[in-house]
Amino acid sequence: MWVRTRATVAGGVALILVAVIAIWLVVRQVGDNLTLPLVARKCTVQADGRVALDADQMANAATIAAIGAKRGMPERAVVVALATAYQESGLRNLADGDRDSVGLFQQRPSQGWGTPAQIRDPRYAANRFYAALKKVRGWEKMRVTDAAQRVQRSAFPEAYQKWADDSEVLSRALLGDASGAVACTVGRTPAMYGAAAAAAQLTRNLVLDWGLKGTDPTDPTGLAVTPGDQRDGWRYAHWLVSHAQDHGVKRVRFGDLEWTARNGSWGRVDGQQSPAGQVVAEVFNEG
């Protein structure tokens, strides 16, 4: 009996080893083509390509892009930043990581990136990344992975490149190079709602991300922004949709297109334009 049991255990261990080796070989073979899980993806971005993200990832990507634009960084810098955050955190604001790494870019307090609390602020983290990238001589002509590696000093320097294509799609949409390109569905209970409070917080964060001045809620149920041009209009409109879940955005209109939380998509509003070329947003009054 003891001999049979030992043989059974040995056989089970052998099968497990074979399975582990098989998985390792598959990952080694196709690892560079693996993408983020499809579970709970609520946002789609289409701009000469298609990307799917969940609500948290979408909101973080929108803030990273906005901070880059506010700093006057070229679109290429936004691509590098998004690819870096994709690889380091899956576009999630992580509370921990390898050693003392935290946040979207897995920056380390021990390496001078800031305190853990500072690094967990997506705006702070993105600003620090762009500031470091700007100091890299010739980064504009580097491959995405090489530019990212000069900032991050990763043990896997080629890892960022696999996110370059998705990051280019995101940057085109979030920087206003496409119309109606970001579409998100909102759950039955958004993270924020309640008339004046939601509108005020939405306005505050739009101003913080984009550096806008003189932007006030139109009334207790929403806000309006007057863009400098069409591209700016889509930057703000896409940002608003990207933050729909966490800010309780119910409706966004720009030009003759309108996104609604109910449909989760953009549609044409026949015979109607948003007032004076404004980007107009409405928030949920109640959950």
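Select α3 (75–89) and α6 (144–152): each supplies at least two residues of the lining of the largest pocket. Helices (H or I, at least four residues) and strands (E, at least two) are DSSP runs, numbered from the N terminus. This is a predicted model, in which local features need pLDDT of at least 70, side-chain atom pairs count only at pLDDT 80 or more, and totals for chains, interfaces and linings use all residues. Residues are numbered from 1 along each chain as its sequence is written, and side-chain values use heavy atoms, with hydrogens and water left out.

Stay at the largest pocket and select Glu88, Gln152, Arg153, Ser154 and Ala155, which lie nearest its centre among the 19 lining residues. A pocket here is an open set of points, on a 1 Å grid over the protein atoms alone, where a 1.4 Å probe fits, with protein on both sides within 12 Å along at least five of seven lines; lining residues have an atom within 4 Å of a point. The space in this pocket is about 490 Å³, a volume being the space filled by probe spheres set on the points, which are joined across faces, edges and corners. Colour the lining by class to find seven nonpolar, seven polar and five charged residues. Ala, Val, Leu, Ile, Met, Phe, Trp, Tyr, Cys and Pro count as nonpolar, Asp, Glu, Lys and Arg as charged, and the others, Gly among them, as polar.

Next, go to the second largest pocket, with about 210 Å³ of space. Select Asn60, Thr63, Pro122, His243 and Asp246, the closest to its centre of the 13 residues that line it. Two or more lining residues come from each of α2 (55–70), α5 (122–134), α8 (196–210) and α10 (244–247). The largest share, four residues, is from α2. By class, this lining has three nonpolar, five polar and five charged residues.

Now select Asp54, in the loop between β2 (50–53) and α2. Is Asp54 buried or exposed? Asp54 is buried, with a relative accessible area of 10%; buried means under 20%, exposed over 50%, and partly exposed in between (1.4 Å probe, protein chains only). Show its side chain, which makes a polar contact with the side chain of Arg92 at 2.5 Å. A polar contact is a pair of N or O atoms within 3.5 Å; within protein, one must be able to donate a hydrogen and the other to accept it, and residues adjacent in sequence count only if both atoms are side-chain atoms. The side chain of Asp54 also reaches the backbone nitrogen of Asp56, at 3.1 Å.

Finally, show the whole protein: 10 helices and eight strands.
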